[in-house]
Structures are given as structure tokens and as C-alpha cells.
Amino acid sequence: MTKTRLRQPSEPTGEQGSFHTATDHRLSRRTFVAGAGLVGATALAGCLGTDTADAGSLSGEVAIAGSSTVFPVSVAVAEEFRAEYPDVQVSVDSTGTGGGFGNFFCEGLTQINDASRPIQPEEEQQCADNGVTPLEFQVAIDALTVVVNAEADWVDCMTVDELRRVWEPNGAERWSDIRPEWPDEEFELYGAAPTSGTFDYLTEAIVGEEDSHREDYQATEQDNTIVTGVAGSRYAMGYFGYAYFVGNDDANIKAISVDDGAGCVAPSLETAKAGEYSPLSRPLFIYVSQESLSRLEVQEFVRFYLESSGTSLISDVGYVPMPEEDVQANLDRFESIVAQVE
């Protein structure tokens, strides 16, 4: 696998896309945490009857890297966890799903990888070569959102085929290439970098073939760069996780509805949960190193994360929480694995 030099999670940072509970409480977008989320998580933990560590005796570090889409969820969970376990330092870095696996998680440098797509065979092999066993847990559902400038009054909905003609290799150059009545103006395109799970998901769901995304667009791991770019040009288009759309509801952008053959469907928590927002509803994951579960602070953080995945903390961020039965199934599996590690 080709590696890209990325900042190590332990290096100092002041840039967007990094979060450290011990020293840095700044967020690059709106604050995602709501009191209801904490109440929900605590109540659910009690209902589920899981054992939790004594907050006063727990200390250590938990390092997370990976998907920019899952990044705000992990930041919100880390903030809530920090409130209960102040001596555990949690760092979260937005590196893209593939960048997180290839540069950090499978190298044994982080304990958790945020992922907006499942781990790939070559990544599993890299992990195995380094003695890392990845455990997959789904923590939310996203409605991957295509956005245009709010002043683009000619477009509110596009078919999957029209989106494919925009994002495929050698794709359409001008809006009028898609529909003749649309402006005879060039596209200005923004999207995820190839190290991103969002890049992989859009490519497979819209274009239909792995690695078949056009190359002549502005690629970035910083979703706020996409927001700024689309908001600044009437003829721009971009895409990112739904949380970045609802988190920038005051920006000069609007979401495009998608017609997959059953009429136009807007991205929302409701349409994603119902499976109506097709084909851009998608699962979001965390991957946990099984070997790291020998550390109590990692154990407790993952347990807290899974409990929180069924609460309003997830919807406050902008994604669909996991159903209670799936939360319980994840916790049962997690506790079974922990019992084997201990």
C-alpha cells in the first residue's frame, strides 16, 4: 500500500481536524454535544446493566484517527467521556478512513480507527502483519449529502445517472452537459480525497466502479473547505457527510435531493433511517484493536462509545443513532471479547 505522510496523532496541532481532550476543547464547527446526549447515554448504560470502571481510578490515553465523517461523532463522545473520566486523555484526528488504517491503526499507533466504509482486504492484511486484530462496530447511519450553491436555483434534484455523469472520469464539464436548459457554465467541483471512505462510497454508489472517480476536482480531507468552496461559487458542487450540512446550515449552500428511480428524496435523518435515501445512506463504523482492549482506559472508552451510539448524542451530531437492539448486540459482543482478553 502506498503511504502518505500524515501528521502523527501524538504531534502537537492547532489545525482543524484534530481534537485532544486534555488540552484542546476547540471545535472547528458547531459544538455537537447536548446535555440530552449525556442523559441518554447514562440512562442507557443503566438499562443495559454494563459494568463501568471507577472514574477516579482510571487514567491513560486513547488515540483515534480516520474518517472525517465519523470525526465529529468521536469528538462528541470524547467530550462526554472526558467529563466522567478526566484523567483519560483522548485524541481524535481526521485523516480519512484509508489514511487512518494505513498510517496509524494497522501500524499499531492508534487504538481506534473511524471509518465511513468497511475495512479493505489489503488493510486487514497490513493489520495482520503488524499483530493488530481489527474489531468492527457500526455506530451510526449517514446520509451522504451532495451540495450546491444556494443561488443555483435551476437545480434541486438530480438522478443517480446525472450524478454519475458529473463525478465519473472525464465527466461533464458544464452544467448544460447534464441538462441543456441548465447554465452553460463550467462546474467547480469539491470532494473527498482518495484516502477518504466518503470518496470510496460515493465512487461505488454513484459511479458504480471502484477507483473510477474523476481526478479534475479539488480534493480535500477538510470538509469545511468543501463548504467554503461551494458557498463561494454559484456553479460549484461538492459532497460530504450529512453532519457537515446540518452543521453549516447558515452557509450559502443547499442539499440536492437524489432520484434513484422512485422520485426525488432529500437527505435527512428520517429518510436515511427508513432506507429511502438511496443509494447514499450508509453505515458508519469504528474499528477497535482487540490487542488494545487489555488496557482498561481503552475498554471503558469503547464501552462508553457503544452505549452512546443509541442516544441523541448521535442525532445531535447529524447522523442516525443505532437501534437499541443493535446497541445491545454490539455491547454483548464487546463484553464477550473483553472477557477473552482479560
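Reader: Is R174 buried, partly exposed or exposed, and what is the relative accessible area of R174?

Author: The general idea is to read the relative accessible area against two cut-offs: buried means under 20%, exposed means over 50%, and partly exposed lies in between. In this predicted model, R174 has a relative accessible area of 27%, so R174 is partly exposed.

Reader: Which residue does R174 meet in a salt bridge?

Author: The side chain of R174 meets that of D184, with 2.7 Å from N to O. Both R174 and D184 lie in the loop between helix 5 and strand 8 (188–192), 10 residues apart. D184 has a relative accessible area of 51% and is therefore exposed.

Reader: How many salt bridges does a search of the whole structure find?

Author: The search finds 15 salt bridges. One of them pairs K254 with D156, whose closest N and O atoms are 3.0 Å apart. K254 is in strand 11 (residues 253–255), and D156 is in the loop between strand 6 (145–149) and strand 7, so this pair ties together parts that are 98 residues apart in sequence.

Reader: Is K254 buried or exposed?

Author: K254 counts as buried, because its relative accessibility is 16% and the cut-off for buried is under 20%.

Reader: Which cysteine is joined to C106, and where do the two lie?

Author: C106 is joined to C127, with 2.1 Å from S to S. This pair links distant parts of the chain, 21 residues apart: C106 lies in the loop between helix 3 (97–103) and strand 4 (112–115), and C127 lies in helix 4 (residues 121–129). Both C106 and C127 are buried.

Reader: What is the handedness of each disulfide?

Author: The link of C106 and C127 has -60 degrees about the S-S bond and is left-handed. For C157 and C264 the torsion about the S-S bond is about -100 degrees, so that disulfide is left-handed.

Reader: Where do C157 and C264 lie?

Author: C157 lies in strand 7 (residues 157–159) and C264 in strand 13 (residues 264–265), so the pair ties together parts that are 107 residues apart in sequence. Their sulfur atoms are 2.1 Å apart. C157 is buried, with a relative accessible area of 15%.

Reader: Which residues form a negative surface patch?

Author: The patch is formed by E122, E204, E209, E210 and D211. To place one member, E204 lies in helix 6 (residues 197–207). E204 has a relative accessible area of 45% and is partly exposed.

Notes:
Residues are numbered from 1 along each chain as its sequence is written. This is a predicted model: local features need pLDDT of at least 70, side-chain atom pairs count only at pLDDT 80 or more; totals for chains, interfaces and linings use all residues. Side-chain values use heavy atoms; hydrogens and water are left out. A disulfide is a pair of cysteine sulfur atoms within 2.5 Å. Helices (H or I, at least four residues) and strands (E, at least two) are DSSP runs, numbered from the N terminus. Buried means under 20% relative accessible area, exposed over 50%, partly exposed in between (1.4 Å probe, protein chains only). Patches are made of residues with over 30% relative accessible area and no salt bridge: like charges are joined within 9 Å, nonpolar side chains (Val, Leu, Ile, Met, Phe, Trp, Tyr) within 5 Å. Accessible areas come from the Shrake-Rupley method with a 1.4 Å probe; for residues, only the protein chains shown count as cover. A salt bridge is a side-chain nitrogen of Lys or Arg within 4 Å of a carboxyl oxygen of Asp or Glu. Lys and Arg count as positive and Asp and Glu as negative; His and the chain ends are not counted. The place of a charge is taken as NZ of Lys, CZ of Arg, CG of Asp or CD of Glu.
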